[in-house]
Amino acid sequence: MVKFDKELLKENVHEYMKLLYRKTLEEATEQQIFQVIAFSIKNTIIDNWMDTHKEYEAKDVKTVYYLSMEFLMGRALGNIIINLKENKEIREAIDELGLNLDAIEDQEPDPALGNGGLGRLAACFLDSLSTLGYAAYGCGIRYHYGMFRQEIENGFQVEKPDDWLRDGYPFEIKRAEYAKEVKFGGYVRMIRDEQGRERFIQESYNSVLAVPYDLPIVGYANRIVNTLRIWDAEAINTFVLDSFDKGEYQRAVEQENLAKNICRVLYPNDNHYAGKELRLKQQYFFVSASVQRAVEKYMESHDDIRKLYEKVCFQLNDTHPTVAVAELMRILLDEYYLTWEEAWEVTNKTCAYTNHTIMAEALEKWPMDLFSRLLPRVYQIVEEINRRFVIDIRNKFPGDNSKVEQMAILFNGKVRMANLAITAGFSVNGVARLHTEILKNQELKDFYQMFPDKFNNKTNGITQRRFLLHGNPLLASWITNKIGGEWITDLSQINNLSRYAEDEQSLKEFMEIKYQNKRKLAAYIKEHNGIDVNTDSIFDVQVKRLHEYKRQLLNILHVMHLYNQLKKNPNMDMYPRTFIFGAKASAGYTRAKAIIKLIHSVGEVVNHDPSIGGKIKVVFIENYRVSNAELIIAAADVSEQISTASKEASGTGNMKFMLNGAVTIGTMDGANVEIVEEVGMENAYIFGLSSDEVIRYEQQGNYNPREIYNNDSDIRLIIDQLMNGFYSPENHELFRELYQSLLDPIGGSRADQYFILKDFRSYEAAQKQVEAAYRNKNGWAKSALLNTAKAGKFSSDRTIEEYVKEIWHLEKVQLDRE
């Protein structure tokens, strides 16, 4: 690889500053400095980006199109510099310009293209695909305002637009030449062509123009640059001059506004019909554009559409992109005139589906009337897929109508997207071993009986380059000094750290790094929350999307219990704890938002009570995102992975914390099972019902949380405090819904449906074990180091190699190092 040209970078910075802003560096704002640095770094990778795609085309390699509603990328600048392996040289160049790289990185907004683990997994996968040298496109939506920017006002979550594109995003490139028309509504007319074949034409539709923007995904030290392609919506006719001249100003831009709505926000509230319609529009919009362009790109260098699957694979990241199945069929039938059987064979060999949830409500189902009105031709195709599939079901299970009820794609007024994905694809994978087994034996057992060869497991992973090399540079440098740098691209090598688990000096160094990271996080908390936290306390962290099954409520109820104990006995020997939360709740999820308010209300009481001597602090990190996640994860002592067993598909936060030397307290759920296998039960704290026990209770319906409430005075006290004004003196009704959800059936849900009270005492006992273990400094250091050392399995590089070998069958590409 050509040696990095420091002088050229400095020259480019000055030139871009003049070209973009007509300023000198001394006159520029901090944001303008970030922009020119970013443009200059993009300039250093642009040739690699072009060379990568030329090499793919020259070798005619197969490409995976990873279709996902979200990509939680995090800031790009620092990650690109890390992956260029020029961090030292670039930092020196920026220093010589009189600038500070860390301050410049802080000017970059987190691209608001995702929210939770689904989107972060997609981002990790793209990083691994580039680093491993496989041809891939990520395909998604260019959301203008993301899900939302979370602000906390008086303890309540308030959703604000996340205007990340306000100053422009320097790493993206608009590719208007690849724009595609996407059609909604209207009706379908059947005609016959000259050969007497049926042809279907969609008429009287509304349409928008899908315009792609490409973002570079830089591989680590290999010159490979893949592409994240995000689609923006523009009106076909952006401005109607005639309407404007008549004074009809709103009508003049009506089409433009309709188009913009598609890309405004991620996951619009779908508690109403308009929200559901917008979500379905979003899904079809980016899927149709992506599939249209993928087919077009294939046909630019091939002449037989029937062999598309030899060079293209569409990976459906959960049910959101499942409409790709019918869209591909539409293109093959209506534009390439394949027979049904030919089109179905191509589709069946091209599409693969990843299931990310065991929660039935998360398996998308669309009202048939909405789906058929919005996507009339696609719905016709789904109807025919369903008709043929139901015949197959009846042939496979003669006389068993329950199988049709469970498996049909169209049933009871709904279009069931998971059923469509499983029926049409050649692969169905879960994302942790336990999750996959539950799918096969429980949630999707009928499909497994019919298609056993389709089902497989691909345990999730994370990229160590983002969450250790970039996110925890002190620890990354220490590890490299101890065992070399091979772990950066082969995380299995990190197991070589294990030999230092008995070395007292190494353990001291490891914990000193943790302490320094805790100091950094404490400073962040002081700046953003105004709370002083004790850096010698146990940093007990739960940061993730807020959902009841993830049980942030269990965590804060335990904090309330500890506080009650301290109030009863102020001299109780308790090791100081800082409980750190970070989570966004969906805008329409009122119960989840009430949990956020409860966390803040408890913090208001606990943090300001001098009688407990600072033994408990409660902190809620506002607007949790990738950039502050790196700071939090590096500083954590304890990783809270406490979902109800059988509910978490995998989790990836658990892997990030493990890699950074945090010890897990959790249930045997999702990938926790595999984490415990790697690190050993003695280096994790496991509690609660097993997945089998949870499923058994759900099936038998014999769990009664009121028995626990009535018989356990400590639990009764904390539950009553939800209603007696202890944490909400101004409004005793504030937490009534939480109170009722724990004790009474609500709206068809079981009382305490996530078994919080059932697991409470087991959780409390595990927390006591954590405290006792932490007091043994040497023993805790050993356990923390071994968590890092045993994290090798959980690299997304390993996951991607499994996808490649068993599903995608891609060819590795290497560029000359020049």
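How many salt bridges does the structure hold? The structure holds 73 of them, a salt bridge being a side-chain nitrogen of Lys or Arg within 4 Å of a carboxyl oxygen of Asp or Glu.

This is a predicted model, in which local features need pLDDT of at least 70 and side-chain atom pairs count only at pLDDT 80 or more, while totals for chains, interfaces and linings use all residues. Residues are numbered from 1 along each chain as its sequence is written, and side-chain values use heavy atoms, with hydrogens and water left out.

**Stop 1: salt bridges**

Please select Lys6, Glu7, Lys10, Lys88, Glu92 and Glu96, which a network of salt bridges links together.

Select next Arg166 and Asp167, whose side chains form a salt bridge with an N to O distance of 3.7 Å. Arg166 is exposed, at 63%, and Asp167 is partly exposed, at 39%.

Continue to Glu733 and Arg736, a salt bridge in which the closest N and O atoms are 2.4 Å apart. Glu733 is partly exposed, with a relative accessibility of 43%; Arg736 is also partly exposed, with 30%.

Now select Glu674 and Lys793, which meet in a salt bridge of 2.8 Å, N to O. This pair links distant parts of the chain, 119 residues apart: Glu674 belongs to helix α26 (residues 672-679), and Lys793 to the loop between α32 (777-789) and α33 (796-808). Helices (H or I, at least four residues) and strands (E, at least two) are DSSP runs, numbered from the N terminus. Is Glu674 buried or exposed? Glu674 is buried, its relative accessible area being 2%, whereas Lys793 is partly exposed, at 23%.

**Stop 2: the sheet of six strands**

Display the open sheet with the strand order β20-β19-β18-β21-β22-β23, in which the six strands pair in parallel. Two strands pair if DSSP finds at least two bridges between them. At the edges stand β20 (616-620) and β23 (685-686); each has a single partner strand, so one side of each is left without a neighbour in the sheet.

Within this sheet, select β21 (residues 638-641) and β22 (residues 663-666), two parallel strands joined by four bridges. Which residue of β22 is the bridge partner of Glu640? The partner is Ile665.

Contact here means heavy atoms within 4.5 Å. Axes are lines fitted to C-alpha atoms, for helices over the stretch in contact, and angles run from 0 to 180 degrees between N-to-C directions. Helix α23 covers residues 590-606, 17 residues in all, and reaches 24 Å from its first C-alpha to its last, close to the expected 24 Å; the expected span is 1.5 Å times one less than the number of residues. Of the 17 residues of α23, 13 are buried, so the helix is largely enclosed by the rest of the structure.

**Stop 3: the sheet of three strands**

Move to the open sheet with the order β13-β15-β14, whose three strands pair antiparallel. Its edges are β13 (365-367) and β14 (410-411), each with a single partner strand, so one side of each is left without a neighbour in the sheet.

Select β13 together with β15 (residues 414-416): three bridges join these antiparallel strands. Pro367 has Lys414 in β15 as its bridge partner. Helix α16 (residues 417-424) lies across β13 and β15, at about 40 degrees to β15.

**Stop 4: aromatic rings**

The whole structure contains 23 aromatic pairs. Rings of Phe, Tyr and Trp (its six-membered ring) pair if their centres lie within 6.5 Å; planes under 30 degrees apart count as stacked, over 60 as edge-to-face and the rest as tilted.

Select Tyr575 and Tyr774: their ring centres are 5.2 Å apart and their planes are at 70 degrees, so the pair is edge-to-face. Tyr575 lies in the loop between α22 (552-568) and β19 (577-582), and Tyr774 in helix α31 (residues 756-775), so that the pair links distant parts of the chain, 199 residues apart. Both Tyr575 and Tyr774 are buried.

Finally, select Tyr803 and Trp808. Their ring centres lie 4.8 Å apart with the planes at 25 degrees, so this pair is stacked. Tyr803 is buried, with a relative accessible area of 0%, and Trp808 is buried at 0% as well.

Note on methods: Buried < 20%, exposed > 50% of the residue type's maximum accessible area, 1.4 Å probe, protein only.
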